[in-house]
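Subject: Structure handover

Hi,

Here is the structure I said I would pass on. Have a look at it first, and then read on for what turned up.

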Amino acid sequence: MWYYEKKLQYPVRVSACNPRIAKYLMEQYGGADGELAAALRYLNQRYTIPDRVMGLLNDIGTEEFAHLEMIATMVYKLTKDATPDQLKEAGLGPHYVNHGKSLYFENAAGESFTVAHIQSKGDPIADLYEDIAAEEKARSTYQWIINVSDDPMLNDALGFLREREVVHSQRFREAVDLIKEEQGKKKVF
Amino acid sequence: MAKENKLPESYYTDLQALQAVDFTLVELTLYLDTHPDDLEALKQFNSAAKKSAELRAAFEARYGPLREFGHSYSSYPWQWSKAPWPWQV
Amino acid sequence: MPTYRKWYYPYSSPFDPCPPLTRVPYETPVQLYLGFQPPGMKQFSPLQALSHGTLWPGLYTPYTDPYNPKKKEA
């Protein structure tokens, strides 16, 4: 089971009420390569992966929920005090008439989250390569958001999240090395 | 009327100290998942876990419980469900 | 030590509507080069690790907006 801890993994601060950046950030909330997709992908794949790397999928999947909460916090802070006019101006008019100021699992273009993007093949190499690709895609999304964001405080937390994609990709690459090793041989560094 | 419930500045620095040691634990956990035989990393993990428990106990004594479902104690009245929540601070 | 950003030079036509970007950057971060992480790599302090997003300087690959190099580093 899981236990909630009443703190974020990393402090989230934003400089200004800025619903336009909130809209961009929704790509990492309910987008195909976002944090929700990542968490669900790894926690679903963990049942049918070799024991040797099951723990890694479990733990990275858990960390992704902490990242999802950071993204949600950013979106919340960037929109909580915005007026309907400001939301409209930022392209969030359609979001507002359907969802008010609540968060919704959708991408930056307003398309609802769908699990159809999350593959699980039950083939350990296919799944781990998908996981590596997912980390690289999420890393790119963070880069493109940083390129269109002019909020230095927000970019600080986005830089943290992007670096986590680098580390996760590194670990998934190691996971591939571990399960492709000849059986009965011990890893030497 | 909005109720003013400002946290002291120390809340943020104490929180960050805890986030820092807990982040080291996240990093060491993922590392040990792929390097289970690294004894030095394992020792570092256990000593960071001890440090985290100390910082967490001190933080909770000042600002209230951090962990759900009985992994933190509560004083009276029930403190867990009290604002602010992490996305509000 | 590898470099973590490379560039490619796309063909540009005299009939392209926007002023050409003569070189286009792409990122090639550390996980492409490190291999299986060796034990005992140098570490950041816990507070530095938090602010860098990793415990190991050897895994730290920061990103800057290539179109706006003066913008604060992410």
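Helices here are DSSP runs of H or I with at least four residues, strands are runs of E with at least two, and both are numbered from the N terminus. With that in hand, chain C reads β-β-α from its N terminus on, that is, two strands and one helix. Please keep in mind that this is a predicted model.

**Chain C on its own**

The C-alpha atoms of chain C occupy a box of roughly 55 × 30 × 15 Å along the principal axes. Its radius of gyration is 17 Å, whereas a compact globule of 74 residues would have one near 11 Å. Of those 74 residues, 19% count as buried. As for the contacts within chain C between residues at least 6 apart in sequence, 23% of them join residues at least 24 apart.

Is Lys6(C) buried or exposed? Lys6(C) has 12 C-beta neighbours inside 10 Å, and a residue with 12 or fewer is classed as exposed, so Lys6(C) counts as exposed. Setting aside neighbours within four places in sequence, Lys6(C) is in contact with Tyr26(C) and Thr28(C). Leu21(C) lies 15 residues from Lys6(C) along the chain, and their C-alpha atoms are 14 Å apart.

**What chain C touches**

Where chain C meets chain A, 22 residues of chain C are in contact with 21 residues of chain A. The chain C side of that contact is made up of 13 nonpolar, six polar and three charged residues. With chain B, the contact takes eight residues from chain C and 10 residues from chain B. Here the chain C side has six nonpolar residues, two polar ones and no charged ones.

**Helices of chain A**

Let me start with α2 (residues 35-45) of chain A. Eight of its 11 residues are buried, so α2(A) is largely enclosed by the rest of the structure. The buried residues are Glu35(A), Leu36(A), Ala37(A), Ala38(A), Ala39(A), Arg41(A), Tyr42(A) and Gln45(A). What do the buried residues of α2(A) pack against? Their partners are α1, α3 (51-79) and α6 of chain A.

Two of those partners also meet each other. The axes of α1 (residues 19-30) and α6 (residues 124-148) of chain A come within 10 Å and cross at roughly 175 degrees. An angle over 145 degrees counts as roughly antiparallel, so that is how α1(A) and α6(A) are arranged. From α1(A), Tyr24(A), Leu25(A), Glu27(A) and Gln28(A) make the contact, and from α6(A), Thr141(A), Ile145(A) and Val148(A). By class, the residues of this contact are four nonpolar, two polar and one charged.

The remaining partner, α3(A), packs with α7 (residues 152-180) of chain A at about 165 degrees, and their axes are 11 Å apart. That angle makes α3(A) roughly antiparallel to α7(A), and the crossing is left-handed. On the α3(A) side the residues are Arg52(A), Val53(A), Leu56(A), Ile60(A), His67(A), Met70(A) and Met74(A). Facing them in α7(A) are Leu154(A), Ala157(A), Leu161(A), Arg164(A), His168(A), Arg171(A), Ala175(A), Leu178(A) and Ile179(A). The residues of this contact divide into 11 nonpolar, two polar and three charged.

Best wishes

Technical notes. Residues numbered from 1 in each chain as written. Chains lettered and ligands numbered in written order. Predicted model: local features only at pLDDT ≥ 70, side-chain atom pairs only at ≥ 80, totals over all residues. Contact = placed C-beta atoms within 7 Å. Nonpolar A, V, L, I, M, F, W, Y, C, P; charged D, E, K, R; others polar. Axes fitted to C-alpha atoms, helices over the stretch in contact; angles between N-to-C directions. Parallel < 35°, antiparallel > 145°, perpendicular 65-115°, else oblique. Buried ≥ 20, exposed ≤ 12 C-beta atoms within 10 Å, placed from the backbone. Rg over C-alpha atoms; globule rule 2.2 N^0.38 Å. Left-handed = near helix turned anticlockwise from the far one by under 90°.
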